[in-house]
Amino acid sequence: MVRIHKSHKGELLLQKRRKTPKELIDSIPRYIDSEMPQQHADFFAGLSYLPLATLDRDGRPWVSLLVTQSESDPSVGIKISGHNAMDVFAESNPYDPFARALKQDPMSGREQRLFAGVGVDFRNRRRNKIAGEIRSASVEETGKINLQLASDQHLGNCPKYITVRALLHEHRAAELVHDCFDSHTTALPDAAKAVVDQASTVFLATKHVGDETATGTKTDMGVNHRGGASGFTRIYEETDGDGITTYLVLPDHSGNRFYQSLGNIETDPEVGLVFPDFTTGHILYVTGKAENLLDDEAQALMPRVSLLTRIKVTGAVFVKDGLNLRLMSEEHFSPYNPPVKPLRQELEQMGHALVAHETATPITASLVSAKPLSDSITTFNFDLSQPINTPLPGGFGVFDFSGLLETGYSHMNEANPQLINEDFVRTWTLSNAPSFAADRNAFAAAHQVSVTVKRKPGGLMSNVLHNNAQKLITDRLPIEFRGCGAGFTCFSQGAKDTPPHIPSKILWIAGGVGITPFMAMWDGILQLANVHPQTSTDIVLLFSGRGDDIKVLEHFAGQIGPVPASVKLRTVAFQSVGDDPLVAKSARDDLRLAFSEDALQIEERRAQVEDIQSISALDTREVYMCGPDALMTWSEAALTKLDVEEGRRHRESFIF
């Protein structure tokens with residue numbers, strides 16, 4: 001059989017937009033074998049499960065995860081039956097839309113039925129793609145499927161983004177919950193959305209209708225694995241009257257730059273997806289219309305992503321206990337997985353929407369000074385090329401270091417896999433408050449911003465800043481400042497020409513570098529109170545830190561002007577001694593020198609529920625929390641136990 005694959009116009013378009021080198025484009029046909037390599041044949045013959053897709057009579061792709069091994073049924077399996085020929089005897093469930101499509105006539109205008117698949121071995125992250133035609137197919141009422149496949153496309157893929165897991169056959173009693181195979185889908189049930197929310201593994205089916213005579217490309221299908229951290233696929237709904245439209249958003253993670261799946265979407269929007277839940281055995285099948293969004297369009301939907309695929313769901317089938325596989329091990333996520341990127345509307349709902357500064361030229365930030373606060377925490381002060389209107393104290397800024405650090409494309413990087421998808425953008429809480437303008441009763445535009453950053457072992461940008469601060473200062477190297485935003489602050493904007501408002505009684509709970517928003521809030525409160533002496537507030541700060549990290553509290557002793565009598569701050573520091581007791585003791589001694597005796601209490605232990613319970617007027621205080629997840633979980637549990645109203649709890653959960 002001759003090699004038939006050539007990049008079609010959709011693939012070529014994306015390769016050009018994404019700057020795939022010409023020498024790679026020219027070499028792509030050499031990677032796709034028309035003859036099945038022996039190692040692929042051996043690989044497929046040993047698989048216990050196989051994602052396969054086909055088209056229904058309307059040309060819509062449906063993809064399934066077939067089970068190809070059964071201890072109770074020796075006939076189940078994959079056999080290489082001849083030259084490029086494979087027999088698949090598989091289990092599915094009676095409601096599987098892949099099986100239902102097999103019962104229909106082939107796609108209009110075709111005598112043969114197309115298929116595509118991607119073999120994946122979750123034990124070792126090996127995967128190989130396959131495509132061709134279905135020579136024969138039969139489907140039993142139980143969901144058992146018998147296929148004879150003739151393949152003409154074979155391609156090995158890299159192991160990136162595949163979750164390692166052990167799976168074993170387990171027969172389940174499938175239950176159909178949501179069935180929009182023949183009709184346009186309505187809103188997905190919550191249980192189906194939960195499958196999307198947990199998924200670290202998705203299979204995507206696409207198709208391309210080609211004119212082999214004119215262009216050398218043929219009509220074919222493709223199935224590929226899409227993986228990432230749990231929840232990397234985002235889901236949202238739009239309502240129009242009584243109608244609800246569901247959208248899925250798949251960010252593109254750096255791959256081989258062939259753009260086969262996304263190239264197919266450029267020429268034909270019909271796609272299919274399957275979301276397996278290996279923990280519960282539930283499975284969600286989806287078909288829909290997809291579009292690729294690039295650059296500004298992508299950023300508008302999902303910040304910090306330059307290429308994504310949005311799927312408008314047009315059909316869906318959700319089956320509880322529809323997957324005859326059982327998870328037998330812990331799941332180990334790929335080290336190449338980038339962090340989950342939330343949608344812009346999700347950020348807005350959390351109060352974390354970025355407000356970009358529309359200027360004729362990009363705003364840059366230049367590091368002018370760095371002040372160490374502890375062995376691992378430093379405040380970095382930046383001058384801005386143009387003044388900006390910052391949010392109320394407690395907000396964040398977005399810094400783009402790509403102009404300094406971008407290293408170009410790399411397919412694999414075993415030494416530092418996170419660099420593969422690194423965009424060199426970081427969002428940090430601004431730890432300084434802008435000046436308060438008495439004439440406008442508002443915080444003024446800022447010419448300088450500060451961030452307080454903890455050096456993270458193995459972290460990229462925190463170490464870049466700490467290790468290269470002096471060079472950045474000396475050379476005045478510009479860093480793009482993308483914008484800022486708010487969402488976590490004890491200030492509320494007053495009516496026109498009136499000053500911002502703060503609660504009369506406040507509890508701050510912070511851990512480690514989670515102290516940074518409170519540094520800005522404290523500076524803002526002092527400025528406000530010095531302009532408006534009638535400002536009155538009583539603040540208790542509970543801070544948990546390790547070793548000399550508690551020295552960050554010195555910020556609250558170094559005041560901006562005198563502290564009005566109506567502003568009170570009492571601080572309780574809980575210190576985990578860490579590896580060096582002498583360093584910890586030195587930090588305690590320094591703090592005691594900085595604070596008056598009645599303003600600071602230091603405890604060499606973890607915070608306890610009783611520490612919160614003993615705070616005066618707890619039932620009337622607004623509570624603000626920022627710190628590591630463990631501290632936030634503990635704080636929420638303690639506040640719940642003490643019957644602190646949910647509406648008075650404010651938690652910073654920054655994930656931009």
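## Cysteines

A residue is called buried here when its relative accessible area is under 20%, and by that criterion C490, with a relative accessible area of 3%, is buried in this predicted model. C158 also counts as buried, because its relative accessibility is 17%.

The cut-off for a disulfide is a pair of cysteine sulfur atoms within 2.5 Å. The closest cysteine sulfur to that of C490 belongs to C626 and lies 13 Å away, which is too far for a bond. A search covering the whole structure returns zero disulfides.

## Burial of strand β1

Strand β1, which spans residues 49–55, is largely enclosed by the rest of the structure, because seven of its seven residues are buried. In a regular strand the side chains alternate between the two faces of the sheet. Both faces of β1 are covered, with Y49, P51, A53 and L55 buried on one side and L50, L52 and T54 buried on the other.

## Strand partners of β1

Strand β2, comprising residues 61–67, pairs with β1 in the antiparallel sense over seven bridges, and within this pairing the bridge partner of L52 is S64 in β2. The two strands β1 and β2 form a hairpin with five residues between them, and in the turn G59 has a positive phi of about 85 degrees.

Strand β5, comprising residues 113–121, also runs antiparallel to β1 and is joined to it by two bridges. L52 stands opposite G117 in β5, while in β2 its bridge partner is S64.

Definitions and conventions:
Residues numbered from 1 in each chain as written. Predicted model: local features only at pLDDT ≥ 70, side-chain atom pairs only at ≥ 80, totals over all residues. Heavy atoms only, no water. Buried < 20%, exposed > 50% of the residue type's maximum accessible area, 1.4 Å probe, protein only. Helix = DSSP H or I, 4+ residues; strand = E, 2+ residues; numbered from the N terminus. Pairing = 2+ DSSP bridges.
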